[in-house]
Amino acid sequence: MTSLDQVVALNRAQQQSETDRFTVRRYQQFVRHFPAGTRDVLDVGCNTGRGGSVMKALVPTLRLTGIDCVPERVAALDSLVYSENICGSADKIPLASDSFDAIVSGEFLQALPPDVVNGTLCEFFRLLKPKALLLLTTPNPHYLKNKFSGSSVLGGAHLSQHYPENLRRRLRDIGFSGVKVRGSGQVSSIIGERFPFRSVYGSYLVRARKW
């Protein structure tokens, strides 16, 4: 079992998220899926807030809450972008049920140890308002490039991997409906998110509704 302190240390050492060139497009993709009237949004694994700045620039009326397990990253969040900041674990978020119109989580789920994944997804369900939307991206274990090179999603700060068919089933078991899988990652900027052979995508987007 991996402790929270170990997870924090692994994420602190992971600097790629600070320089990931696709972060802007990933959060633009989230916003494109927002229903009309979306206001209260929880950004899980918000890092230093690059994604939040993108969302706020596109929809200035958003009221963002950010959560991350690395204290210095939470401390760096811009108070003009995030209305509330939380440092802690995503499976135990100290907020009221039915609080958010949307939850976004960009390349976060794989950073969780397997034993806390289900609790985290249940927490997302609890925090969403009825009819509200969960949007998350995570690396694709079916990615052809990894298969050809003998690489794996696992390693470094990546403690779990999530096959899209299994994640879809898990979300449905929790109570989410309308679970859709779309492409994400660099390839999606070329061919869009709806290419039928999803193994071409390095990451994938899951969209699910609490309803």
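The largest nonpolar core has 30 residues, and I103, L121, L171 and F176 touch the most other members. Such a core is a set of buried Ala, Val, Leu, Ile, Met, Phe, Trp, Tyr and Cys residues joined through side-chain atoms within 4.5 Å; buried means under 20% relative accessible area, exposed over 50%, and partly exposed in between, with a 1.4 Å probe and protein chains only. Among the elements that each supply at least two residues of this core are β1 (40–44), β4 (100–106), α6 (114–127) and β5 (128–139). Helix α6 gives the most, five residues. Helices (H or I, at least four residues) and strands (E, at least two) are DSSP runs, numbered from the N terminus.

This is a predicted model: local features need pLDDT of at least 70, side-chain atom pairs count only at pLDDT 80 or more, and totals for chains, interfaces and linings use all residues. Residues are numbered from 1 along each chain as its sequence is written, and side-chain values use heavy atoms, with hydrogens and water left out.

Which residues of α6 are buried? They are V116, V117, T120, L121, E123, F124 and L127.

Finally, D98, in the loop between β3 (82–87) and β4, has a positive phi of about 55 degrees although it is not a glycine. At 39% relative accessibility, D98 counts as partly exposed.
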